[in-house]
Amino acid sequence: MEAGSLRRPGRVAVIGVGVIGACVGRHLSRHGAEVIFIDAGRPGEGVTNWSFSWANASNKTARKSYFDLNVAGMAAHRELARAIGPDSWWYPHGHLRWADDPAAEAKLLETAGLLAGWGYRAEVHTGAEVRRRLEPALTVPGEAPVVFYPDEAWVHGRHLVGRLVGRAVASGAELRSGIAVRDIGTGADGSVRTLALSDGSRLDVSTVVNATGPDASRIAALIGRNLPMRREPGVVTRLGCAQVPVHRAMHAPHIEIRPDGDGSVVLHSRETDALIDTGEEPAELARLLRQAARRVVPELGNARIAQTRVAFRPIPGDGFPSVGAVPSAPGYYEAVSHSGITLGPVIGRLLASEILSGERDEMLADFRPERFPR
Ligand SMILES: Cc1cc2nc3c(=O)[nH]c(=O)nc-3n(C[C@H](O)[C@H](O)[C@H](O)COP(=O)(O)OP(=O)(O)OC[C@H]3O[C@@H](n4cnc5c(N)ncnc54)[C@H](O)[C@@H]3O)c2cc1C
């Protein structure tokens, strides 16, 4: 962003301080904008804290422009780690994936081939090599092909949010947590003017960023906008273990496992998610996750179930991000996306640049809010 090309967006309220709001606000504040972060709860404790949190593009092959955006997201993380330091949030140790049936195995090798053709690093190892070189605690069969994506990572979302907001506040941004936005006041031309907050106060603003994740359609409705969102809950469990037996994120058959920093491991599985709406208790879902994890990493069978939460993926109706200005509501911007852990830093950079310069980046062309009519 060239300093000479910047406009003044006035006072910007970033509504929602998960990974996406934190990234947008940090970029705005670095470029001198007046930023107020507002969160109904505590920064980083929304879905950002209940995510598998795998920074990747290997799972994003459905549309090339979406894959490219995710690749840019991974690069933006590396850049961010250089700028603010990687400690306690950035774990770039790659990702492992293998299967236990021939059809799924053929599919994952085909995907690895496609990705390699797109210039994305993908290596195929045997299970024996993986146990010897990378993950000694796994039960993966010795001859099984295991795809290793060396450029992928996992991210401690809550720590990253804390770091970004802390920096923004140190350079003049304001943080109001435990306060919800209840209403948005607009002028005759539809432009945003004021926010009504749950503590009874009003705030004059020129710009708002809707970064409220799973609650984004409620905030959009305050300006009369219909932002359709899918309903896709997921259950995540944290196990406490004296010694963490895995070193990186992995998709094993029937279970996803990753470390989570000090003495804990995170588990998730799409198969378990499918049971959420059957009325199964979260505690039982957690036991099922631990059972599946034990087949892959026997040591996890004795680990204590520390926390379990059902969280909702923030997915706009067609499955893709909604990022950018809404021309019918001047001053209102959306930053709503699944894969927000991967995409947060790149969405933060692109949206802040759009707010500050008025220019729309081509990389967001397929992900504009206008595709959902008002
Ligand atoms: C099970 C599961 C697995 C996932 N796995 C991955 C993965 O491996 N990789 C990946 O990239 N992504 C993954 N995701 C998606 C990713 O976690 C999300 O896209 C990302 O965390 C969204 O961040 P956010 O900042 O938009 O939302 P959030 O972190 O939810 O932040 C939104 C904030 O808005 C606040 N808020 C809401 N309403 C209001 C209001 N009215 N006023 C003020 N504040 C408000 C909330 O308190 C919250 O703090 C996963 C999600 C789930 C559920």
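Good morning, colleagues. Please bear in mind throughout that the model is predicted.

I shall begin with helix 9, residues 340–357, and its packing against helix 2, residues 64–84. The axes of helix 2 and helix 9 are 7 Å apart, and the angle between these helices is about 85 degrees. Angles of 65 to 115 degrees count as roughly perpendicular, and helix 2 and helix 9 are therefore roughly perpendicular to each other. On the helix 2 side, the residues in contact are Tyr66, Leu69, Asn70, Ala72, Gly73, Met74, Ala76, His77 and Leu80. Their partners in helix 9 are Ile341, Thr342, Leu343, Pro345, Val346 and Leu350. By class, this contact of helix 2 with helix 9 comprises 11 nonpolar and 4 polar residues, with no charged residues.

Helix 9 also meets helix 1, which spans residues 19–30. Here the axes come within 7 Å and cross at roughly 35 degrees, and the crossing is right-handed. Helix 1 contributes Val19, Ile20, Cys23, Val24, His27 and Leu28. From helix 9, the residues involved include Gly340, Ile341, Gly344, Pro345 and Arg349. The contact of helix 1 with helix 9 divides into 12 nonpolar, 4 polar and 1 charged residues.

Let us return to helix 2 and consider its other partner, helix 5, residues 157–170. The axes of helix 2 and helix 5 come within 12 Å and cross at roughly 55 degrees. That angle makes helix 2 oblique to helix 5, and the crossing is left-handed. His77, Leu80, Ala83 and Ile84 of helix 2 touch Leu160, Arg163, Leu164 and Arg167 of helix 5. In this contact of helix 2 with helix 5 there are 5 nonpolar, 1 polar and 2 charged residues.

I turn now to the ligand. Which residues are the closest to the ligand? Of the 39 residues that surround the ligand, the closest are Asp39, Thr48, Ser337, Gly340 and Thr342.

Some individual atom pairs deserve mention. A polar backbone atom of Ala40 is 3.0 Å from a nitrogen atom of the ligand. Ser51 places a polar side-chain atom 2.9 Å from a ligand oxygen atom. For Thr342, a backbone N or O atom lies 2.9 Å from an oxygen atom of the ligand.

Note on methods:
Residues are numbered from 1 along each chain as its sequence is written. This is a predicted model: local features need pLDDT of at least 70, side-chain atom pairs count only at pLDDT 80 or more; totals for chains, interfaces and linings use all residues. Side-chain values use heavy atoms; hydrogens and water are left out. Axes are lines fitted to C-alpha atoms, for helices over the stretch in contact, and angles run from 0 to 180 degrees between N-to-C directions. Helices (H or I, at least four residues) and strands (E, at least two) are DSSP runs, numbered from the N terminus. Angles under 35 degrees count as roughly parallel, over 145 as roughly antiparallel, 65 to 115 as roughly perpendicular and the rest as oblique. A crossing is left-handed if the near helix is turned anticlockwise from the far one by less than a right angle, and right-handed if clockwise. Contact means heavy atoms within 4.5 Å. Ala, Val, Leu, Ile, Met, Phe, Trp, Tyr, Cys and Pro count as nonpolar, Asp, Glu, Lys and Arg as charged, and the others, Gly among them, as polar. A residue is near a molecule or strand if one of its heavy atoms lies within 4 Å of it. A polar contact is a pair of N or O atoms within 3.5 Å; within protein, one must be able to donate a hydrogen and the other to accept it, and residues adjacent in sequence count only if both atoms are side-chain atoms.
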